[in-house]
Each structure stands twice: as C-alpha cells, then as structure tokens.
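Here is a briefing on a protein model. Look at the sequence and the structure first, then read the points below.

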Amino acid sequence: MRRDPEVWGGLAMLVVVLAVGTIVPVAAPPGALLVPTALWVALFVAFLVATAVLLMSEALRTAVLYTVYGAQVLLVGTLVVLAPGAGWLPILLVVVAAMSTYVVPVRVSYATIAVNTVVILVAYGGDGGLPEVALMAGLYLFLQVASVSSTLALTRERTMRQELAEAHVELRAAAVLRDEASRTDERLRIARELHDVLGHQLTVLTLELETATHRDGERSREHVERAKSVARDLLGDVRETVGELRRRAPELTESLGAIVRDVPAPRIELTIADDVAADEEQTVTLVRVVQEVVTNTIRHAGADVLRVEVDADPGGGLRLTARDDGRGAEPVHHGNGLRGIAERIGALGGTVDFDGSDGFRVEVALAPATTPALARGGAR
C-alpha cells in the first residue's frame, strides 16, 4: 500500500468520525436525542458518506465538491443540534473545520468555524447558564481555529517543499542544457579552426606535392609520392575529427542523473542500459522529457517511487519509460507539459504514450539518430 500521509490522515479522520458517531446512540443518556435514534443514525450515515467523498476530493469537479462540502456542514450541524445531551459530539465540528482547508478557500474555512460556533450556542444554549455555554463555545472555537491554522501551516509547508523540489529539478535541467550549449559552442569553434587552419594548410601541401610529382627524377618522385600519401591521410584525419566534434553528444547518464539527483521525494530510480547511444539532439530532448516527468510526479502524483528506464531499440532508436506508483489520472488530461513532451518527441519523428490507469506511465520511442552517436550511457 502506498504510504501517502494524506491517505493516513483521511483514514484517521474517518475513524474519529465513526467512533464518535457510534458512541452517541449506544452510550448517550436517555433523552439525549431529540429525534428517534433511527433517524439520527440515518443522518449520521449521510454525514459519514459525505466525509468519505470529500476525502476523495481530487476526483471531483469543483461544483460537486462544494455541494458535498455544504451538505457535510449542514449535516454535522443538524447532528449536534439534535443531540444536545451528547457533550462529546461537537468534536465532529472540529473535524469538519480541519477538513475544510483541503476542499474550500481559507475564507470559507473561517466562515465554517463561525457557523459551527453558532450551532454550539443553539444546541447548548437552553441547557445551561450563559457562562457554561460561553465557555463551551469558546473552547470549541479555539479547537477549530487551532485545527484550521495547524492544517494550513502543514499544507503551506508541503506546498513549499513541493515548489522547492520542482525548482530544483528545473534548475538542474537548465544547468545541464547550459553546460551542453557551452560544450557545443566550443566544439564548433574548434571544428572551424581545424577546418580553416590545418585543413587549408594540408590542402595547399597536397597541391604543392601534386605539382612536384611532375618534376624529373625518379628518386625525388618516390619521396614526393610518399609525402603526398601522408598529407592525404592527415587531411582525412582532420576532416574525421571535425565530423566527430560536430556529432559528439553529452554523456546521457550524467545529464539525466544530474536532474534527478538529490530530489527529496519521490525516490527516483534511474536506469540507462549499457548499449544506449544518444546524439546531442536526442539527449537534449530526453533531458526535457525527464524534467517534465519528474516535475509532474512531484506536483500531481503523490508517489513514493518514480522509475525511469532508457533502453536501446533493436531498430536503432531509443525507448524511455517512466512510471510512478502514485494516484494516476484517468482519463489523462493533456496540459501544457504533456503537450510539450509530445511536440518534442514528434519533432524527432518519435512517438509518446501516456497512461494514468495504474499510477502514471510515460512511454517514449525515438527514431534512430541521423548521425552516429559517440557518447554512450552507462547503467546507473
């Protein structure tokens, strides 16, 4: 089972609600309920269902979410008013106030606290003196404000950690691409110099030696022929070096490893097969794809583990598979990030598939590189 803190927190809330609601009809003194027990239990079951639905709020549209939340607030207020003899029942008001921070804006949470405080005054105003009622209302007001404030603080902390992790991934990706751009510029500069200087000189040397072959003297001709052969070999070596400098790709394992390194959560398992060979354009594309996948996992998945695997295709291309163990998304909504991945892969003649039925999976297939790649990734 995935150890998601929100899941455990939601289960804890359900246990508290169920325990409190079960005690009332069983242990409440005679006359504690103003309506038949069966009716009160039916209202409690409806409240329990609304609470469970809200704990799955990510699957609900906003309008439905607010409707269910409104029903929950109305039901809990009704339960408390109809059971003034159950002094522990207002704890459900605290639970509802704490849950509100996950489903409605902050101002609505504090409005809920105000409504719940009125419910306490109505429910217990006729049974005791004003000081006792005021003390009880003040106590539960404090508990609600404290629960909402602490929940908001935890939510803000979680959001800040998430934003920090996203910024970390984006910064690492930008650094990788910046370094590669610098290396590319340097390679091109060296290639131009080799071509313009050495290549030109060797070409002139070859022409001069070609002219010398037409002079008289067999012994001179023999030495000149050998020199011409060496010069041609040198010129071929220069041209080959220029081509290699232009084609040379960054080391894939190093580039992708820099992006996922030190990400606090989720745990990222990166595996790159030994036979993977990516050119410069493919590497830059995979860097951007992994950046987007990691950012989306941090932001949306609630996952413990993200596995990223890069393999060589038998046809000469590359395959990248990224799968997390998070909550998934069915159907998959193609936002700017997923559309960006599809556009990048399509520009290289590849394909991409998204599946959110069991966690979230991204499968990328890249066509073979147009030029042979010289840098190879290693297993990590």
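**Briefing: a surface patch and a set of strands**

Tyr110 is part of helix α5. Helices (H or I, at least four residues) and strands (E, at least two) are DSSP runs, numbered from the N terminus. This is a predicted model, in which local features need pLDDT of at least 70 and side-chain atom pairs count only at pLDDT 80 or more, while totals for chains, interfaces and linings use all residues. Residues are numbered from 1 along each chain as its sequence is written, and side-chain values use heavy atoms, with hydrogens and water left out.

**Surface patch**

- Tyr110 counts as partly exposed because its relative accessibility is 37%; buried means under 20% relative accessible area, exposed over 50%, and partly exposed in between (1.4 Å probe, protein chains only).
- Val106, Tyr110, Leu141 and Val145 make a nonpolar surface patch of about 280 Å².
- At least two residues of this nonpolar patch come from each of α5 (106–124) and α6 (130–212).
- Accessible areas come from the Shrake-Rupley method with a 1.4 Å probe, and for residues only the protein chains shown count as cover.

**Strand β3 and its partners**

- Strands β2 (residues 305–312) and β3 run antiparallel and are joined by seven bridges; two strands pair if DSSP finds at least two bridges between them.
- Arg307 has Arg323 in β3 as its bridge partner.
- Five residues lie between β2 and β3 in their hairpin, and Gly316 in the turn has a positive phi of about 105 degrees.
- β3 also pairs with strand β5 (residues 361–366), in the antiparallel sense, over six bridges, and Ala322 stands opposite Val362 in β5.
- The covered face of β3 (residues 318–324) holds Leu318, Leu320, Ala322 and Asp324, and the uncovered face holds Arg319, Thr321 and Arg323.

Terms used:
Patch = residues over 30% accessible without salt bridge, like charges linked within 9 Å, V, L, I, M, F, W, Y side chains within 5 Å. Salt bridge = Lys/Arg side-chain N within 4 Å of Asp/Glu carboxyl O.
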